[in-house]
Amino acid sequence: MWLIFSVLAAFSFGLRGILYHWASQQSLNRNVLLCGTFFMGTLISIVCAIIFHQEWTVSALIGVQMGLFSFGANASMFKGFAVGKASLVAILTGLPSVVVVVMAFVIWGERLNVFQLLSFVVIVAGILLVRYSNDITLKNLQGAGWGLLALLLFAGNDLSGKWTTLVDAPLFPTLFFMFTTGTCCFGLWWLKDHIQGKKVDEGKKRANWSERKTFLFGMAVGITNVVGMILIIQGFHLGKTGLVSAVVALNVLIVLLYTRFVLKDKFSKMEQSGLTMAFIGIILMKLVVE
């Protein structure tokens, strides 16, 4: 069952990735956008917590840590897409599962058997092939620092999500604290921009996107974000941390399919090979589960 939750989370985060990448190319204030994204998560979480009568325990405060990690990761990824090379940033943000599987072993002693490890390697290799770009060189590393920072912070968020399942933290109160923390962080950054009179990100022309329009669009993006978080935490509850993280990282395939069928981009041979490997990895994972 964890595999189903993980695949659905990958699909949800893939939709989020499409919206993020498209928005990063627009002339708008990313902090307003991301504030709206996290605010929607806050609303959905508090409503669900009330509907399902979940308790507000101390363990739910782990959500504050998750919010800080998620704030830093999303800001870094968005900034990397805006100022750097998208393919390089995409490669780095596709690798948190490698950090996660190592840290899960160090912290909790989680071990993968031979077949699980093989599936993990095949999936990660497929992700790297899909995201790799032949025009990346040592002289063309714009956005590398932001991508690396996003990698580490996304890994921290995944590990924190697993931690909530180990201490039986209530799902929706935890997510409420996570999204509230993110909303406050991006809101304060937005306030700073507003005081400085900054309407769009550096390097962008003045936009016809008002702050209200940007915030509302961010709220729409927030639906995909909160659904993805609910699904991935369910996956962590039932499966091994590194495997769930690796499967969720396949959200890049959703973005790639979007570029192929909507933007009409053609797949390179390397992308085709990566897609094939990723699907083989999913099949192997399915066989391992069974």
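His-53 counts as exposed in this predicted model, because its relative accessibility is 69%; exposed means over 50% relative accessible area, buried under 20% and partly exposed in between (1.4 Å probe, protein chains only). His-53 is found in the loop between helix 2 (30-51) and helix 3 (62-83). Helices here are DSSP runs of H or I with at least four residues, strands are runs of E with at least two, and both are numbered from the N terminus. Although His-53 is not a glycine, its phi is positive, at about 55°. Most residues other than glycine have a negative phi.

A positive phi of about 55° is also given for Asp-168, again not a glycine. Asp-168 is placed in the loop between helix 7 (144-166) and helix 8 (171-195). With a relative accessible area of 60%, Asp-168 is exposed.

The model is a prediction in which local features need pLDDT of at least 70 and side-chain atom pairs count only at pLDDT 80 or more, while totals for chains, interfaces and linings use all residues. Residues are numbered from 1 along each chain as its sequence is written, and side-chain values use heavy atoms, with hydrogens and water left out.

The protein chain contains twelve helices and zero strands, and its pattern along the sequence reads α-α-α-α-α-α-α-α-α-α-α-α. Of its 290 residues, 54% are buried.

Helix 1 (residues 2-24) packs with helix 9 (residues 211-238) at an angle of about 155°, and their axes are 8 Å apart. Axes are lines fitted to C-alpha atoms, for helices over the stretch in contact, and angles run from 0 to 180 degrees between N-to-C directions. Helix 1 and helix 9 are therefore roughly antiparallel, a term for angles over 145 degrees. The crossing of helix 1 and helix 9 is left-handed, that is, the near helix is turned anticlockwise from the far one by less than a right angle.

A nonpolar surface patch of about 780 Å² is formed by Val-102, Met-103, Phe-105, Val-106, Ile-107, Trp-108, Trp-163, Leu-166 and Val-167. Patch residues have over 30% relative accessible area and no salt bridge, and nonpolar side chains (Val, Leu, Ile, Met, Phe, Trp, Tyr) are joined within 5 Å, like charges within 9 Å. A salt bridge is a side-chain nitrogen of Lys or Arg within 4 Å of a carboxyl oxygen of Asp or Glu. Helix 5 (96-108) and helix 7 each give two or more residues to the patch, and helix 5 gives the most, with six. Val-102 lies in helix 5 and is partly exposed, at 45% relative accessible area.

Terms used:
Accessible areas come from the Shrake-Rupley method with a 1.4 Å probe; for residues, only the protein chains shown count as cover. Angles under 35 degrees count as roughly parallel, over 145 as roughly antiparallel, 65 to 115 as roughly perpendicular and the rest as oblique.
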